[in-house]
Amino acid sequence: MRQATFIAVFVLLLAATSLCARGEIVNGSFEDSPDLNGWTIVTGTPAVRASFQEVVNEVLVHDFEPVEGEQFSYLNVSTFAFMTPLTQAASAFEQEFSAGVGDELAFDYYAFGKTFSLPPSGATSNATVLLTNLSTNDSTALVDRNMIYDTGFDDWVAVSHTFAAAADYRLTIRVGVTASSLAFPPADAQATLGIDNVRLIAASLLSDLTGNGFVDFQDLTVLLANWNQDVTVQEGNLVDPLTTPVNFQDLTVLLADWTGPSPAASPSGEGQLAAAVPEPSALLLGLIGMLGLLGFGRRRVTYRPH
Ligand SMILES: [Ca+2]
Ligand SMILES: [Ca+2]
Ligand SMILES: [Ca+2]
């Protein structure tokens, strides 16, 4: 049992290490008060709206509701040029955060706009969401919309990006317009971008076998039910699923990712079971002892087709 205690302490240290959270995205839902808490306004006057009705031209009217929660962020700029070399306007905000390999950035956006210009006038209208790696200064456009004349209306569009490198990143959300007209006719442009539900999904949630956003007793139960068997990642074989069964390595990964049960867990049924086992520590001691009794390390010969 002394050895089991030693192993339990080791696993707990691993779990504690994983709790040192990297910089996460703050207020990606835009539900916080004050409205743009966590974001840095770069230029212009981005706003947070509960919902809005925007007249894009004389005919079309459209309502957008938040894709998540009660609010979303909203950028809108327009400019008009007549007998001027250049007028421009922009609205942008950004936030820096850290991401690891396999983490996923996701958000929802819509964009529309219009330009009107005839030679010698000129106008541009664009909406962009830019991801910059602060170590290499490389930028990736997750959204890059150039809108010429009326583009009509979009519905919310879901975007996701998986990180190939661990680094600090900056996410910039921007709309911009330009117009120039040294003579008649005048030129004008406008651009609108809505964004909501910006979130970073940690790769560690691989251990969330039940897919409810938490790594807890339910997930541990799934892993233990498949102990020593050649099963898939989703069944608890988190490490080297093609060449190893569910074993102590997989258990270590799951415990390191342990989040505990959902605070909103139901007071009955499985929620009650989870609440009865709030900490992995006591569980671990018993569990590791039990594995020892069951002959941990002796692999049963089993075959299960994938
Ligand atoms: Ca929201
Ligand atoms: Ca889970
Ligand atoms: Ca394994």
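## Overall make-up and confidence

The structure shown here is a predicted model, and its protein chain has 5 helices and 12 strands. Of the 306 residues in the protein chain, 31% are buried. Among contacts between residues at least 6 apart in sequence, 72% join residues that are at least 24 apart.

The mean pLDDT of the protein chain is 80, and 73% of its residues reach 70 or more. Over residues 14-22, however, the pLDDT is below 50, and beyond near neighbours in sequence this stretch has 11 contacts in the model. Residues 266-278 also have a pLDDT under 50, and for them the model has 15 contacts beyond four places in sequence.

One open sheet is formed by 5 strands in the order 1-6-11-8-9, with antiparallel pairing. Strand 1 and strand 9 (139-146) stand at its edges, and because each has a single partner strand, one side of each is left without a neighbour in the sheet. From one strand to the next, the twist of this sheet averages 15 degrees. Within the sheet, strand 8 and strand 11 pair in the antiparallel sense over 12 bridges, and Ala123 has Ala179, in strand 11, as its bridge partner.

Another open sheet, also of 5 strands with antiparallel pairing, has the order 2-5-12-7-10. Its edge strands are strand 2 (47-49) and strand 10, each of which pairs on one side only. Neighbouring strands of this sheet are turned against each other by 30 degrees on average, direction ignored.

| Strand pair | Bridges | Bridge partners |
|---|---|---|
| Strand 5 and strand 12, antiparallel | 9 bridges | Ser78 and Gln190 |
| Strand 7 and strand 12, antiparallel | 12 bridges | Asp108 and Asp196 |
| Strand 7 and strand 10, antiparallel | 6 bridges | Ala106 and Ser160 |

As a general point, strands of a sheet pair through backbone hydrogen bonds, either parallel or antiparallel.

## Nonpolar cores

Which residues of the largest nonpolar core touch the most other members? Of the 38 residues in this core, they are Tyr109, Ala111, Ile173, Ala191, Leu193 and Ile195. The elements that give two or more residues to the core are strand 5 (72-81), strand 6 (84-99), strand 7 (104-116), strand 8 (122-133), strand 11 (167-181) and strand 12 (187-201). The largest share, 7 residues, comes from strand 12.

In helix 2, which spans residues 217-225, the residues Phe217, Asp219, Leu220 and Leu223 are buried. Seen down the axis of helix 2, its buried residues fall within an arc of 155 degrees, so they line one face of the helix.

Is Leu224 buried or partly exposed? Leu224 has 15 other C-beta atoms within 10 Å, and is therefore partly exposed, since a residue counts as buried with 20 or more and as exposed with 12 or fewer. Computed along the sequence, Leu224 and Val246 are 22 residues apart, while in space they are 8.2 Å apart, C-alpha to C-alpha.

## Glu24 in a loop

Where is Glu24 placed? Glu24 is in the loop between helix 1 (2-18) and strand 1 (40-43). With 13 other C-beta atoms within 10 Å, Glu24 is partly exposed. Not counting residues up to four places away in sequence, Glu24 touches Phe97 and Leu200. The C-alpha atoms of Glu24 and Phe97 are separated by 5.5 Å, although the two residues are 73 apart along the chain.

How values were computed
Residues are numbered from 1 along each chain as its sequence is written. Chains are lettered from A and ligands numbered from 1 in the order in which they are written. This is a predicted model: local features need pLDDT of at least 70, side-chain atom pairs count only at pLDDT 80 or more; totals for chains, interfaces and linings use all residues. Helices (H or I, at least four residues) and strands (E, at least two) are DSSP runs, numbered from the N terminus. Two residues are in contact if their C-beta atoms, placed from the backbone, lie within 7 Å. pLDDT is the predictor's confidence in each residue, from 0 to 100. The arc is that of the directions from the helix axis to the C-beta atoms. A nonpolar core is a set of buried Ala, Val, Leu, Ile, Met, Phe, Trp, Tyr and Cys residues joined through C-beta atoms within 7 Å. Two strands pair if DSSP finds at least two bridges between them. Axes are lines fitted to C-alpha atoms, for helices over the stretch in contact, and angles run from 0 to 180 degrees between N-to-C directions.
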